[in-house]
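Hi everyone, thanks for making time today. Please bring up the model on your screens, and I'll talk you through one chain, one interface and one residue.

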Amino acid sequence: MTDNRVRTALHWLLGGWMLLVIVAAFFWAPSAVGFKGESSRIVFFHVPQAWVAVLAFCVNLVASLRYLRTRDPLDDARAAAAARLGLVFSLLATVTGSIFANVMWNSFWNWDPREVSIAILLLVYAAYFALREAVPDEERRASLSAAYAILAFVTMPFLVFVVPRIYWSLHPDTIIGATGKLKLQMESRMLQTLFGSLVGFTGLFVWLYTLDVRLARVRLARREREEA
Amino acid sequence: MRASTLLSESLAVLGKELTAELRSRVALNAIGLFGLTTLIAVAYQIGPYQIQEQDRPYLLSALLWIILFFAATSGLSRVFVKEEDAHTAKTLRLAARPLAVFAGKYLFNLILLSALFSLIVPLYCALMSYRVRGVAGLAVVLAAGAVALASTSTIVAAIIARASGSTTLFAILSVPLVLPLLVMLIQGTRAAAASAELAAVLPALQGIVSLGGAVLTVSVYLFPVVWHD
Amino acid sequence: MEAISVEFTKVGKRFGARAVLAAVSGTLRPGEVLVVAGPNGAGKSTLLNILAGVLRPSRGGVAYRRGDEEVPRREWFENLGMASPDMAVYEELSAIENLRFFGRLRGHALADGALAELLETLGLPVREHHRAVGTYSSGMKQRVKLAQAALHAPAVLLLDEPSSNLDAAGHEAVAALVARFRARAAVAVATNDPREIAWGDARLDLAL
């Protein structure tokens, strides 16, 4: 099967790429000026994790919208798979951010707007799964959780864009700030490592996501066979 | 073709809610008592004099919304949960258009919230000596807050009624949706207390109205799915 | 009111890992009573709920047809009357208020006199009409529920255990109701009562 061979090749590529990112993050990229010790290196993992958490949220939205149109159980499985990864990565981003905050500012939690945003994202994912747990009927579970995902997506922008602007933020301005210009003055090796890591983590997301969806597809197909 | 109009159906649902509520008073009692209890606990233990002058604008606006929000949480989910508990949901589902059900229930929750606000807010201001300079500003913030809170809680109530129907699940699902709204409401209240200018509440008001409007619009599309599946 | 037939093909429903209904097919024809029989747990109520459109089948489909033309799903409910054990009317309202409310929703507002007459044919005496339903016995509630189903003279009538909680007189009243609807509507009755099974022009037996 060529399909499988391509897949295997992609796995090795992803593994190699991630290894490269890790090595680059610790040895190749210099540590940033103005940060305590080597603490700035966490950015190479923290930022991509937060990015994947947001990406998963968007994939979840698209799958949820599709489910309500197609009523295909596989679309529900897609939404759930994205949300599962979103939960893991938003947890990782929260924890890594917290560790960094403790090193830099001697406090795990500072009520920084972006900290609050990721924590809320975490809450949304947790609520999403609490809802799924509470509904035994599969068709109803799928449409209720899709509805909730869409509702949560509509309120998120208010959190990310409306609330934070009113506060002062500890975070450096986003890579591409509100003005659309490159705000963060990073050393080029740091920038390359960060972008490499973003690509790697996105690949990791795609791999885990397709794995989960393929598993769901197999389960659905088996049930179809059993019922037929 | 249906002979009834959407408006008359919505009003029929609202009328039914009001009649049933006036006879049982379950939601009114839950919300009113919860609100009064927390208000009295806060007023008795903190009162106007336990807060430093420089902290007053921050603490007083936040405390007010904590009282209002938790009182509302205790009663607003009932609109749909009671239909499922009493097995009237299916009867209603078969007889009414989903949009009419949503509109009727939304208006009912809006009335409940307005009743709660008009009971608790004046009492709170009196008991905590909360001097609000912009009374008009506060009224506008409260009105917008009622509209927005009613929309999030009505659609979340519809979702949880079709799940387990527990108040815990209502809280879990509401918190991430309502948190930005609560932050903006507290900011708006603080702004109204500090300034007599109506313009002072405008930044918060924009956020509250657009969030409430967005949730309401999306709910209109999502509700039929939630209600029927 | 035009006659509607309800066709269901290979309808199946699964709750979690448990299959409740497996590939059931049949048709509800106007002027006919379809009796759905079978032991408890065989899926009688599930089938009726799927026919009504309040439950989504895991597989298979249901179609409402008016002549050759298919009735869109959003118009099913207005052509449908249903009474089942998992339905109830509002306990805070009186029988008349309940019927007035459901009549208003369906755009089929009847005068109070007509509503009282409907309740009386189902065996609920006039003196009870203005008491809150919460104070009724379960048999009286069942009569209000049946009145709610018949109120708007629907083209499709689905009755799930219509005589539950009813005495002999109540059973007679249900028989008269079914006879009245048989003439012009498609009726389905889910039951295990031998007297009710006898009403059927067609019969569908569900097995566990």
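Helices (H or I, at least four residues) and strands (E, at least two) are here DSSP runs, numbered from the N terminus. On that basis, chain B has 9 helices and 0 strands, and reading from the N terminus its elements go α-α-α-α-α-α-α-α-α.

Some ground rules, before we go further. This is a predicted model, where local features need pLDDT of at least 70 and side-chain atom pairs count only at pLDDT 80 or more, while totals for chains, interfaces and linings use all residues. Residues are numbered from 1 along each chain as its sequence is written, chains are lettered from A and ligands numbered from 1 in the order in which they are written, and side-chain values use heavy atoms, with hydrogens and water left out.

Now the overall form of chain B. The C-alpha atoms occupy a box of roughly 60 × 35 × 30 Å along the principal axes.

On to the interface. How many residues of chain B are in contact with chain C? There are 27, and they meet 24 residues of chain C, with contact meaning heavy atoms within 4.5 Å. The two chains bury about 2400 Å² between them, 60% of it on carbon and sulfur atoms; this is the accessible area (1.4 Å probe) lost on being put together, summed over both. On the chain B side, B:K90, B:T91 and B:L94 lose the most area to chain C, together 29% of what that side buries.

There are 2 salt bridges between chain B and chain C, each a side-chain nitrogen of Lys or Arg within 4 Å of a carboxyl oxygen of Asp or Glu. One of them pairs B:R23 with C:E97, with the closest N and O atoms 2.8 Å apart. Helices α1 (6-24) and α5 (89-95) of chain B each supply at least two residues of the side touching chain C, and α1(B) gives the largest share, 10 residues.

Last stop: C:H171, in helix α5 (residues 168-182) of chain C. This histidine is buried, at 6% relative accessible area. Beyond neighbours within four places in sequence, C:H171 has contacts including C:D193, C:E196 and C:W199.

Methods:
Buried < 20%, exposed > 50% of the residue type's maximum accessible area, 1.4 Å probe, protein only.
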